[in-house]
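User: Please take me through this model by question and answer, in plain terms.

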Amino acid sequence: MSDLLFMLSLAPVAKGLLAMTIAGLCFPAAGVMVLRLDLVPMRYMLMHGVILGGAISLAFSLPLLPVSIALNLLLVLGMLKLTKDSSAGFGVSSAAAMVFTMALASIVMHLFDVPAKDTLQLLWGSPFALQLSDVLGLLAIAIGLTLYVVVNFKSISAIFFDQEIAHSLGMHVQAHHTTMVIVIALVIALAMKLLGALLIDALLILPVLIAARHAQSLRQLFVRACLVGVFVSFFGFIAAVATDLPPSGTIALLSAFLYIIVTTIQKRKTK
């Protein structure tokens, strides 16, 4: 126990724990938006966009996070501009953008002699490598996301239910949709640095699926998903430090186990 407390007192570990706790609280709220707006294909495109951002940042010695955020924002704004009807998600345009970003990333790596292994390290994030600016940026997005959901909850509920009805009621559907897509882009860019591309769903999607088993309203879904997210991120990180395992893998494993347990219990009750 004393060894664990000592480890948690170290600056990189303490910053990682704080960042994972904040991420656990806010990422699932973005995950609700991903699932309810049918933006799962877009999330894959944004993950590839961060890989392109990594290649560009390595090629020109630029900071990774600002480049990745800027690139993801350009991608989602481009899709919003080119897509006439966004109510059905961005399946086709996301696939095209994903191919484009990976092709451009390969060209950048070739022209500027960027080692592929360095860029592909983005597939495995590390909360121990975070700077104070990263934690502050994460906190700012968490506060902004929370305020947006709380202040605009009625509009968000209507848009999730039916965008045409929400528009007929005088709600600014396109503005809210654009805002939510931008928020998702920001969250995924940060999640890449925390957990890596392969484990984003551990905090973005799985907590929402777990909470949806018992949530009886959209408000409950938001609250319970965030509670599941902070539970998984906090205790998964503690377990990783205590056992000297990778935090990203440990958190993802805990999230997956919790999903399996909740799903199994739900099936037994149904039977």
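Analyst: F231, F234 and F235 form one aromatic cluster. Rings of Phe, Tyr and Trp (its six-membered ring) pair if their centres lie within 6.5 Å; planes under 30 degrees apart count as stacked, over 60 as edge-to-face and the rest as tilted. This is a predicted model, in which local features need pLDDT of at least 70 and side-chain atom pairs count only at pLDDT 80 or more, while totals for chains, interfaces and linings use all residues. Residues are numbered from 1 along each chain as its sequence is written, and side-chain values use heavy atoms, leaving out hydrogens and water.

User: How many aromatic pairs does the structure hold, and what kind is formed by F128 and F237?

Analyst: The structure holds five aromatic pairs. For F128 and F237, the distance is 5.6 Å centre to centre, with 55 degrees between the planes. F128 is in the loop between α6 (116-120) and α7 (132-151) and F237 is in helix α13, 109 residues apart. The count is five, and the pair F128 and F237 is tilted.

User: Is F237 buried or exposed?

Analyst: Buried means under 20% relative accessible area, exposed over 50%, and partly exposed in between (1.4 Å probe, protein chains only). F237 has a relative accessible area of 0%, so F237 is buried.

User: Why is the pair of F153 and F222 edge-to-face?

Analyst: F153 is buried at 13% relative accessible area, and F222 is buried at 5%. The ring centres of F153 and F222 are 6.3 Å apart, and the pair is edge-to-face because the planes are at 65 degrees.

User: What distance separates the end C-alpha atoms of helix α13?

Analyst: Helices (H or I, at least four residues) and strands (E, at least two) are DSSP runs, numbered from the N terminus. The expected span of a helix is 1.5 Å times one less than its number of residues. Helix α13 covers residues 218-243, so its 26 residues should span 38 Å, and this agrees with an end-to-end C-alpha distance of 37 Å.

User: Which residues does H176 touch, not counting residues up to four places away in sequence?

Analyst: H176 is in helix α10 (residues 173-194). With a relative accessibility of 11%, H176 counts as buried. Contact means heavy atoms within 4.5 Å. Leaving out residues up to four places away in sequence, H176 touches Y148, N152, S155 and I159.
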